Amino acid sequence: MEANAQTKHRKTALLLSLIPGLGQIYNKQYIKGIIFLILTASFAIAFYDLIDIGLWGIVTLGTSLERGDHSIFLLTQGIIAILVIVLGLVIYGINLNDAYKNGKKRDQGFALNSLKEQYQNMVDAGFPYLMVSPGFLLLVFVVIFPILFVILLSFTNYDLYHSPPANLVDWIGIQNYIDIFKMDIWRDTFVDVFAWTVVWTFVATTGQIVIGIFLAVLINQKDLKFKGMIRTIFILPWAVPAFVSILVFAGMFNETFGTINNDILAALGIDAIPWLTEPLWTRVALIFIQFWLGFPFIFAMVTGVLQSIPDELYEAATVDGASMWQKFRTITLPMILFAIAPILITQYTFNFNNFNVIYLFNGGGPAVAGQTAGSTDILISWIYKLTFTSAQYGKAAAITMILSVIVITVALWQFRRTKSFQEEDMM
Amino acid sequence: MNMRTQKLVRLTVSYAIIAIAIGIILYPVLWIIGSSFNPGDSLSGSSIIPENATLDHYRELFNPEQSDYLIWYWNTLKICVVTMILAVAMISTMAYAFSRYRFIGRKNGLVTFLILQMIPNFAALIAIYVLAYLTGLLDTHLALILIYTGGLLPMNTWLAKGYFDTIPKELDESARIDGAGHFRIYWQIVMPLAKPILAVVALFSFITPFTDFILAQIVLRSEEKYTLAVGLYKMISDQFGNEFTTFAAGSVLIAIPIAILFLSLQKYFISGLTAGGTKG
């Protein structure tokens, strides 16, 4: 075959491919072309109504209650329509790319693949997609779809008074966000909840980390006996499902029959403490419970690190006359922090969203007069209450967005520092 | 102070601290076990070692006419096992594709997974509730299984991909030369070598639904559909204190098998988590 610089197959094929399939047929790949044509036609026929209604729906969110417009249904259809369009555009792009590439091959005078080769190519190239698609599809529906939904919902006035099918929901721009920061009742609650969320995250997590590291170092002393047994007991709180432990603690701190007031404090001669009705005491109890629940994880991780630190380091330090504290500060602690820093950061983001302990212990209570959030509610449990108790869906979605931005910022900052993100092979 | 007394003081203080810590850790455990044998429905006037210990509360839980506990246990195990199977199947295929093939969209896919694993999937709880409601999947176990599986995918795919990357590619290539197809290499060459990480993924996929409360609470509505977490919560939140001893027995029956399972497999847990922490 000799190269022919004069031909313009690639441009012609690309232009013809604006209607998918024609470019391939022009390239004399008839079967592939027909497949593309049929695919396009069925795509258009099958999804025309969906896309039509979906796009209209997502723009207007319904105009007529008499006709039975359901704003949230329409919003959902709108998102599906957009996802379908994206899928269609991807296939369209593949079609254009294919026509262009084969046209270029013809321009350069190469032979095109035969049907059999095309089939083989498709199997080879398609295999990874085949492997990824079941999981990816599920991900689109149960993870990505809800995220898109929340994003859009945060720009609507969906609440108890704008609730289908009795009412229509409208787009209100960023009004939800403005309300949260400007309207007194929302701003006060938001500031209270956010402040407690930050304090909770910081105190509970730092505490469990310090306790975990301290106990791990303590148990790791060479001349200490019963190490195995002690370690097993220390991991026990991690082994019991957290929801069970939290509910048990709720019983222990109960003001009428709980053992803390009735047995322990009574034995020490201290008066009963209002654990569940006084905000400060509920907070103290929550932080204590999270220490109990959370330290074993850190303990186990740190124990693993400690066992990998070579003895020679300590011996050398002893020869140099270092004290125990100096050894800890200059050898042990840096090694631990270096090895488990990423895990420590996930501990902070975990507690930031630790719904279980807050909700199961005292339902976010005790309640605060005139607020939708209780005095120990963190952002995520407040969102839960807004959704299921006061039906403030739009506001709840807006707060979810704020929460997600915070979590993602922290997580991105963390992952930029981890190895795999810098690994060349990942890309 | 000579070396000997110094050592003695250090060890005594250490043992004292350990004793206090063990006391704090075990007290709730002993208290709830004691409560579960306590006669009567409430705890008022009881002591940690009950005087007339009784197994009545355990009998009540095992009697289908008196309690739905066995149904909840069955529901939970069913959801956990199905989630585990689905998740392992999807994660192993996805991680394999990401590890072994260079295809268009791979990079974007990996970055998407990295970002998705940062957001806990219950953050979108409004959306999950509304969508389950609209699709008629509210109050079904199918909805929960799908949500759990979807939520497990991003992080565990990264975890498994990291492990697959360490399996030499030469093995695949020699198998390919011998005429093995794509699927055969995946199934007969790589999967058997990846058993350790698949075990870790399976473990995570089993435990996550077992210990979840919030998603089950959002999706499940009727009592005979409850999982253990929701059932147990309802048992005490509806009439706190009045059924506390039965609740205690229920807690013991969950805590013991799971704790044994966990403690016997903790090595894998820790290896999986550290791998996830440093590699992905």
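Biologist: Helices here are DSSP runs of H or I, at least four residues long, numbered from the N terminus. With that in mind, where is A:Phe226 placed in chain A?

Modeller: In this predicted model, A:Phe226 belongs to the loop between α7 and α8 (227-239) of chain A.

Biologist: And what is its phi like, A:Phe226 I mean?

Modeller: Phi of A:Phe226 is near 60 degrees, which is a positive value in a residue other than glycine.

Biologist: Is A:Phe226 buried or exposed?

Modeller: A:Phe226 counts as exposed because it has 11 C-beta neighbours inside 10 Å, and the cut-off for exposed is 12 or fewer.

Biologist: I also noticed A:Lys28. What does its phi look like?

Modeller: The phi of A:Lys28 is near 65 degrees, again a positive value in a residue other than glycine. A:Lys28 lies in the loop between α2 (22-26) and α3 (30-60) of chain A.

Biologist: Why does A:Lys28 count as exposed?

Modeller: Because A:Lys28 has 11 C-beta neighbours inside 10 Å.

Biologist: New topic: loops with prolines. Which kind of peptide bond joins A:Gly365 and A:Pro366?

Modeller: A cis one, with omega at about 0 degrees. A:Pro366 is in the loop between α14 and α15 of chain A. A:Gly370 is found in the loop between α14 (355-362) and α15 (379-388).

Biologist: Is A:Gly370 buried or exposed?

Modeller: A:Gly370 counts as exposed, because 8 C-beta neighbours lie inside 10 Å.

Biologist: Let's zoom out. How is chain A divided into domains?

Modeller: Domain 1 covers 9-153 and domain 2 covers 175-426. Their C-alpha centres lie 46 Å apart.

Biologist: What does UniProt list for chain A under "transmembrane region"?

Modeller: The unreviewed entry lists several spans of chain A, including residues 71-96 and 232-253. In the model, residues 71-96 are 100% helix and 0% strand, with end C-alpha atoms 37 Å apart. Residues 232-253 are 86% helix and 0% strand, and their end C-alpha atoms lie 26 Å apart.

Biologist: Where does UniProt place "domain: ABC transmembrane type-1"?

Modeller: At residues 194-414 of chain A, also from an unreviewed entry. That span is 76% helix and 0% strand, and its end C-alpha atoms lie 22 Å apart.

Biologist: On to the partner chain. How many residues of chain A are in contact with chain B?

Modeller: 77 residues of chain A are in contact with 75 residues of chain B. Helix α5 (residues 115-153) of chain A gives the most to the side of chain A that touches chain B, with 17 residues. The residues on that side divide into 59 nonpolar, 16 polar and two charged.

Biologist: And over in chain B, how many residues of helix α11 are buried?

Modeller: Eight of the eleven residues of α11 (228-238) in chain B are buried, and that helix is mostly covered. Among them are B:Leu228, B:Tyr233 and B:Ile236.

Conventions: Residues numbered from 1 in each chain as written. Chains lettered and ligands numbered in written order. Predicted model: local features only at pLDDT ≥ 70, side-chain atom pairs only at ≥ 80, totals over all residues. Helix = DSSP H or I, 4+ residues; strand = E, 2+ residues; numbered from the N terminus. Buried ≥ 20, exposed ≤ 12 C-beta atoms within 10 Å, placed from the backbone. Domains from an automatic or database assignment. Contact = placed C-beta atoms within 7 Å. Nonpolar A, V, L, I, M, F, W, Y, C, P; charged D, E, K, R; others polar. UniProt positions renumbered as here; feature names shortened; annotations may be inferred.
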